[in-house]
Amino acid sequence: MHGQSRFGLGLRKPHYAEFLEHRIAVDFVEVISENFMVDGGRPRQILRDVRALYPVALHGVSMSVGSAEGLDRAYLARLRALVHEIEPLFVSDHLCWTRVGGFNSHDLLPLPYTEEALEIVVANVAAAQDALGRTMLIENPSSYVAFDGAAMREWEFLDAVCARTGCGLLLDVNNVFVSAANHGFDARAYLDFLPPERVGQIHLAGHSQGEALLIDTHDRPVPASVWDLYAHVLPRLGPVATMIERDDDIPPLRELLAELATARAISIGSERLAA
Amino acid sequence: MSLLALQRDFGAFLRDGDAADARPGMRVYQNNYRAQLVACLEDGFARSRAWIGDDAFEQAVIRHIRRVRPSSWTLDAYAHDFPDTLAWLYPHDPEIVELAWLELALAEAFVGPDVDPLSPTDAANVDWDKAVLHFIPTIDLRGVTSNACDLWVALAAGEALPAAAMLDEPHTAIVWRQDLISRFRLIDAREKQALLLARAGLSFADLCAAIIASCGEADGVALAGAYLGRWLADGLLDHATGETQCA
């Protein structure tokens with residue numbers, strides 16, 4: 001699944017003009033799919049213009065692969081049309097659910113890691129890949145609750161989803177750190193378990209301390225704790241596409257490029273060690 | 001418990017659960033859920049918020065979140081019913097709901113389908129004796145009784161706000177997108193009627209005849225020509241065909 005070092009940034013509105021007017025030193029940009037799953041107008045025009053200059057990854061938040069009621073066919077049809085037009089580097093979404101009984105939470109809600117949930121996620125991911133005509137990457141979520149009766153750990157669940165559907169992993173290192181802190185597991189054990197050949201992309205981001213839990217806020221620089229985990233996991237993974245993800249309190253582009261330079265330096269160091 | 005039952009319970013907690021009795025993690029999810037909806041409405045109705053004030057807007061958002069559950073995969077859809085909530089909360093202040101409708105219509109036109117509208121050059125080649133007009137898909141119309149359009153303009157420009165006022169007579173606001181920019185203007189009852197007839201498939205010749213029957217020969221011919229020229233200039237026409245689509 002992996003095999004090439006690429007370094008990208010999430011494309012956010014405050015930086016549209018810079019990406020279009022200058023050749024920014026990134027190997028790809030990632031956009032939130034749903035922001036561009038519209039009929040037309042300026043958003044689609046901007047995405048077409050960006051795509052003419054950079055490879056684009058489509059990262060979704062509303063597929064709801066964990067929904068017990070299956071996938072939303074209208075959603076899939078729109079995503080499929082966007083995929084055909086943009087020919088993205090990656091298509092990804094999260095291991096979560098957002099929709100039940102005509103209600104959409106617009107938040108990435110947690111799954112119990114049971115055999116029943118595994119069957120449902122496997123069926124939904126397989127159906128999505130069939131509809132899109134390509135494999136997807138599924139991202140490990142940040143979570144704030146765990147459920148009684150779990151049959152496996154999150155990393156075992158993800159491994160099983162990958163093995164049974166052929167999908168890849170979008171490894172969000174910050175999410176591993178946040179969930180490890182919130183649920184009291186060893187983040188390094190999680191990373192050491194993941195099948196390296198399945199990891200197609202890495203997300204790096206920041207988080208905040210809430211009242212009782214760490215919150216995946218994406219509103220600050222990547223902290224040292226997450227850089228440490230990134231440096232820990234890279235030797236196992238080898239070259240892999242890496243992206244800085246910032247969704248709130250978005251800083252000047254140069255600050256995100258500086259973070260991306262740190263990721264490049266860690267990756268180069270890891271490759272030299274491996275050699 | 002089945003996954004479906006768990007998800008139904010979880011969803012019910014997000015909407016109506018008592019956070020005081022919940023685990024910290026469930027409070028995080030409930031807070032995230034509400035924050036997303038609040039942000040959606042604040043982003044979508046910035047001018048309505050500026051008009052009614054932060055406190056009143058916050059109360060309207062709280063009422064809306066209690067009243068309407070999000071159902072679409074796209075958060076943009078959650079804004080659709082907000083003007084109805086404002087109409088329910090402010091039944092005697094038409095400028096509030098009309099301003100909110102205008103914001104919503106402009107936002108929807110902004111991401112509506114792309115078209116290549118009929119240009120004046122193309123129009124020169126149309127056989128107007130047989131032509132039927134076809135309009136672009138981003139057009140939206142609504143009757144307005146207040147000066148909401150003037151309020152929108154003043155709010156957008158950061159100018160001193162006029163007082164809310166009723167129009168001398170009801171008008172219709174038309175919203176559409178030209179190139180990549182959403183636009184609006186007020187049209188009077190005659191232009192609205194002409195637009196509705198044309199959109200219903202009346203041929204341009206029959207539309208002219210209808211306007212002449214209503215306004216007289218001299219004024220009718222001039223008005224029909226003025227409407228066509230304005231619709232072309234505004235980019236409202238997708239194309240014109242030589243065949244009548246409906247009688």
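The model is a predicted one, and the values below are computed from it.

**Chain B as a whole**

The secondary structure of chain B consists of 11 helices and five strands. Its radius of gyration is 23 Å, whereas the globule rule gives 18 Å for 247 residues, so chain B is more spread out than a compact globule. Taken along the principal axes, the box filled by the C-alpha atoms of chain B is roughly 75 × 45 × 30 Å. Of the 247 residues in chain B, 35% count as buried, and among the contacts of chain B with a separation of 6 or more, 65% are accounted for by residues 24 or more positions apart.

**The contact between the chains**

Chain B contributes 32 residues to the contact and chain A contributes 34 residues. On the side of chain B that touches chain A, helix 1 (3-16) and helix 2 (24-44) of chain B each supply at least two residues. By class, the residues on that side of chain B are 17 nonpolar, 10 polar and five charged.

**Helix 4 and helix 5 of chain A**

Within chain A, the axes of helix 4 (residues 115-132) and helix 5 (residues 154-165) come within 10 Å and cross at roughly 45 degrees. Because of that angle, helix 4 of chain A is oblique to helix 5 of chain A. The crossing of helix 4 and helix 5 of chain A is right-handed.

From helix 4 of chain A, the residues that take part are Leu118(A), Val121(A), Val122(A), Val125(A), Ala126(A) and Gln129(A), and they meet Phe157(A), Ala160(A), Val161(A), Arg164(A) and Thr165(A) of helix 5 of chain A. The contact of these two helices of chain A has eight nonpolar, two polar and one charged residues.

Is Ser64(A) buried or exposed? Ser64(A) has 28 C-beta neighbours inside 10 Å and therefore counts as buried, since the cut-off for a buried residue is 20 or more other C-beta atoms within 10 Å. His106(A), which has 24 other C-beta atoms within 10 Å, is buried.

Notes. Residues numbered from 1 in each chain as written. Chains lettered and ligands numbered in written order. Predicted model: local features only at pLDDT ≥ 70, side-chain atom pairs only at ≥ 80, totals over all residues. Contact = placed C-beta atoms within 7 Å. Helix = DSSP H or I, 4+ residues; strand = E, 2+ residues; numbered from the N terminus. Nonpolar A, V, L, I, M, F, W, Y, C, P; charged D, E, K, R; others polar. Axes fitted to C-alpha atoms, helices over the stretch in contact; angles between N-to-C directions. Parallel < 35°, antiparallel > 145°, perpendicular 65-115°, else oblique. Left-handed = near helix turned anticlockwise from the far one by under 90°. Rg over C-alpha atoms; globule rule 2.2 N^0.38 Å. Buried ≥ 20, exposed ≤ 12 C-beta atoms within 10 Å, placed from the backbone.
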